[in-house]
Amino acid sequence: MKKIEAVIKPFKLDEVREALSEVNISGLTVTEVKGFGRQKGHTELYRGAEYVVDFLPKIKLEVVVSDEMLETAVDAIVKAAHTGKIGDGKIFVSSIEQVIRIRTGEVDGAAL
């Protein structure tokens, strides 16, 4: 099993969710986060005063999939989240040793 963590632009959330749903991946966790990469923030004007926004709003998605579904899920996220502009985000993949569904006690693949 693999855990996919994707940090994407907020307005791409619905497209990514739909893309994952189309490839039969359900169950994801969404967190509103802030951060920066190469963008390094930007400057905004508020009531005539200029100020720097260091951390930009992002969405962090977490999905756990079987090893067989990894490439399909990653491809779906990349295609749906891509704008071609700086700040599109990143995807991190890590291994999961065990999954347990609390309600039923199911483990690993059955718990997904």
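Predicted model: local features only at pLDDT ≥ 70, side-chain atom pairs only at ≥ 80, totals over all residues.

**Notes on the core, a helix and a glycine**

I started with Val 16, which touches Ile 8, Leu 61, Ile 77, Ala 80 and Ala 81, leaving out residues up to four places away in sequence.

Next I looked up the largest nonpolar core, and it has 18 residues. Val 16 is among those with the most contacts inside it, along with Ile 4, Ile 8, Leu 20 and Val 65. S1, H1, S5 and H2 each supply at least two residues of this core. H2 gives the most, with seven residues.

So I turned to helix H2, residues 70–81. With 12 residues at 1.5 Å each, H2 should span 16 Å, and its end C-alpha atoms are 16 Å apart, so that agrees.

Which residues of H2 are buried? I found Leu 70, Ala 73, Val 74, Ala 76, Ile 77, Ala 80 and Ala 81. They cover an arc of only 160° around the axis, so they sit on the same side of H2. I reminded myself that an α-helix has 3.6 residues a turn, so residues three or four places apart point the same way. On the other side of H2, Glu 71 and Lys 79 are exposed. The cover over the buried residues of H2 includes S1, H1, S5 and S6.

Last, I checked Gly 35, which lies in strand S2. Is Gly 35 buried or exposed? Its relative accessible area is 17%, under the 20% cut-off, so it counts as buried. Gly 35 touches Asp 54, Phe 55 and Leu 56, again not counting residues up to four places away in sequence. The C-alpha atoms of Gly 35 and Pro 57 are separated by 6.7 Å, though these residues are 22 apart along the chain.

Conventions: Residues numbered from 1 in each chain as written. Heavy atoms only, no water. Helix = DSSP H or I, 4+ residues; strand = E, 2+ residues; numbered from the N terminus. Expected span 1.5 Å × (residues − 1). Buried < 20%, exposed > 50% of the residue type's maximum accessible area, 1.4 Å probe, protein only. Arc of directions from axis to C-beta. Contact = heavy atoms within 4.5 Å. Core = buried A, V, L, I, M, F, W, Y, C linked by side-chain atoms within 4.5 Å.
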